[in-house]
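The sequence and the model are shown below.

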Amino acid sequence: QVQLFQSGGGFVQPGGSLILSCAASGTTYSIYAMGWYRQVPGKQRELVATITITGSTNYADSVKGRFTISRTKNTVILQMNSLKPEDTAVYYCNGHVGLDYWGKGTLVTVSS
């Protein structure tokens, strides 16, 4: 069925930028909502940003003004600017159409 293939991530210094990308396969229909979540050891996975097919966005307070989410049908990207060490986490792509679909995750490390 639906599979999410994500790319990006890596190491970046504080204040730097990274772009995460995710593309869905297995459906010709637009996925209602896509976005990014992140998780660090010992904590629950948390929302970073989501975007619906209508372009409605939702951002975690911690990333507002620094991250920008956008999409074209079933491809979603996350532009991450002014990165902070606390942004370090495994980032997971998410697609929601009643059910949740998840990418494999990619590690983003922000450190000097």
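## Aromatic pair

The structure contains one aromatic pair, where a pair requires Phe, Tyr or Trp rings (for Trp, the six-membered ring) with centres within 6.5 Å, and planes under 30 degrees apart count as stacked, over 60 as edge-to-face and the rest as tilted. The ring centres of Y37 and W102 are 5.2 Å apart and the planes stand at 75 degrees, so this pair is edge-to-face. Because Y37 belongs to strand β4 (residues 33–39) and W102 to strand β10 (residues 99–102), the pair ties together parts that are 65 residues apart in sequence. Strands (E, at least two residues) are DSSP runs numbered from the N terminus.

This is a predicted model: local features need pLDDT of at least 70 and side-chain atom pairs count only at pLDDT 80 or more, while totals for chains, interfaces and linings use all residues. Residues are numbered from 1 along each chain as its sequence is written, and side-chain values use heavy atoms, with hydrogens and water left out.

## Arginine over rings

W102 is partly exposed, at 36% relative accessible area; buried means under 20%, exposed over 50% and partly exposed in between (1.4 Å probe, protein chains only). The charged end of R45 sits over the ring of W102, 4.6 Å from its centre. R45 also lies over the face of Y92, at 3.6 Å from the ring centre. The criterion is NZ of Lys or CZ of Arg within 6 Å of the ring centre and within 35 degrees of the ring normal.

## Nonpolar core

The largest nonpolar core comprises 28 residues, and L4, W36, L78, M80 and Y91 have the most contacts inside it. Such a core is a set of buried Ala, Val, Leu, Ile, Met, Phe, Trp, Tyr and Cys residues joined through side-chain atoms within 4.5 Å. Elements giving two or more residues to this core include β3 (18–25), β5 (46–52) and β9 (89–97). The most, four residues, come from β3.

## Disulfide

One disulfide (cysteine sulfur atoms within 2.5 Å) is found in the whole structure. It joins C22 to C93, with an S to S distance of 2.0 Å. Since C22 lies in strand β3 and C93 in strand β9, the link ties together parts that are 71 residues apart in sequence. The torsion about the S-S bond is about -85 degrees, so the disulfide is left-handed. Both C22 and C93 are buried.

## Surroundings of V2

V2 is located in the segment before β1 (3–7) and counts as buried, at 15% relative accessibility. Apart from neighbours within four places in sequence, V2 is in contact with A24, S25, T27, I31 and Y101, contact meaning heavy atoms within 4.5 Å.
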